[in-house]
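Biologist: Can you bring the model up? I'd like to go through a few spots with you.

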Amino acid sequence: VHVTGNGDVGNQGIHQMDVARWFLGETGLPRTTLSVGGRLGYVDDGDTPNTQVVIHDYASAPLIFEVRGLPAKAGATAGGGRRGDTMDNFRGVGVGNVIDCEGGSVVSTNYFTATAYDKSGKVVREFKGVDRHMQNFIDVVRSRKIANQYGPILEGHLSSALCHLGNISHVLGRGMSPEALREKIKARAPLAEATARMSEHLAANKVNLAKTPLTYGVPLTIAPGKEAFIGEFAKEATPLLTRQYRAPFIVPNLG
């Protein structure tokens with residue numbers, strides 16, 4: 001049996017990148033996407049990344065997604081770990097979002113709260129909310145009044161696309177030595193910084209990147225205002241936007 005999946009970027013990634021895109025105010029796809037990562041520290045038959053950095057280049061600011069599949073440095077063991085182990089965190093966030101702004105930052109560690117800090121780290125304001133979306137979804141299913149829906153389906157589609165773009169970049173990529181990878185990405189400071197953090201995390205988990213290298217994905221360029229690839233890798237990437245369906249489970253072409 002061959003089972004396909006979208007890995008960790010398509011698991012928690014959809015939620016966090018949806019929040020990040022909302023903070024950025026971006027209502028479409030990024031200009032480019034690039035993935036660096038792999039399935040490392042696990043001994044299994046999976047081939048989707050468990051440790052990955054995906055950077056989406058938006059006009060407003062880069063959106064950087066990071067995921068860890070192994071324990072934090074303090075709890076690292078040679079055999080790696082699974083759910084339940086203490087995971088890495090970034091600036092106090094295990095699962096959440098960090099938004100860097102000109103005058104400070106906003107940090108959110110769950111879906112309903114956020115804290116704004118100034119550049120010195122002083123708390124400026126705290127935000128607290130409640131979960132209204134789940135009940136709203138049920139209410140709209142019952143009423144059939146789409147206008148009352150808090151989360152339009154298009155928003156979910158666009159944020160899901162960010163996960164798929166990261167995976168397409170990864171699938172078309174190739175393993176690269178640590179030295180070659182650092183040279184490849186050194187001009188892209190945010191990506192280089194995130195990849196260095198990821199490499200330190202893997203080293204703490206006894207992952208030898210010389211023997212099991214990270215995959216440097218292909219840089220994907222998205223056509224402005226369209227859901228299509230352009231540029232160098234468009235020919236290879238375009239077929240991965242869909243799949244061969246098995247009747248009667250077919251997604252119709254409504255174009």
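Modeller: We'll take strands, then rings, then the surface.
Modeller: This is a predicted model, where local features need pLDDT of at least 70, side-chain atom pairs count only at pLDDT 80 or more, and totals for chains, interfaces and linings use all residues. Residues are numbered from 1 along each chain as its sequence is written, and side-chain values use heavy atoms, without hydrogens or water.

Biologist: How do β5 and β6 pair?
Modeller: Antiparallel, over four bridges; β5 covers residues 104–108 and β6 covers 113–118. Strands here are DSSP runs (E, at least two residues), numbered from the N terminus. Pairing takes at least two DSSP bridges. G104 stands opposite D118 in β6.

Biologist: And which residue in the turn between β6 and β7 has a positive phi?
Modeller: G121, at about 95 degrees. That hairpin has four residues between its strands. β6 and β7 (residues 123–128) are antiparallel too, over five bridges.

Biologist: Switching to rings. How many aromatic pairs?
Modeller: Two. One of them is Y111 with F112, edge-to-face, 6.2 Å centre to centre and 80 degrees between the planes. Ring centres of Phe, Tyr or Trp (its six-membered ring) must lie within 6.5 Å; planes under 30 degrees apart are stacked, over 60 edge-to-face, the rest tilted.

Biologist: Why does Y111 count as partly exposed?
Modeller: Because its relative accessibility is 48%. Buried is under 20%, exposed over 50%, partly exposed in between (1.4 Å probe, protein chains only). F112 is partly exposed as well, at 34%.

Biologist: Where's I138?
Modeller: In helix α2, residues 133–143; helices are DSSP runs of H or I, at least four residues. I138 is partly exposed, because its relative accessibility is 36%.
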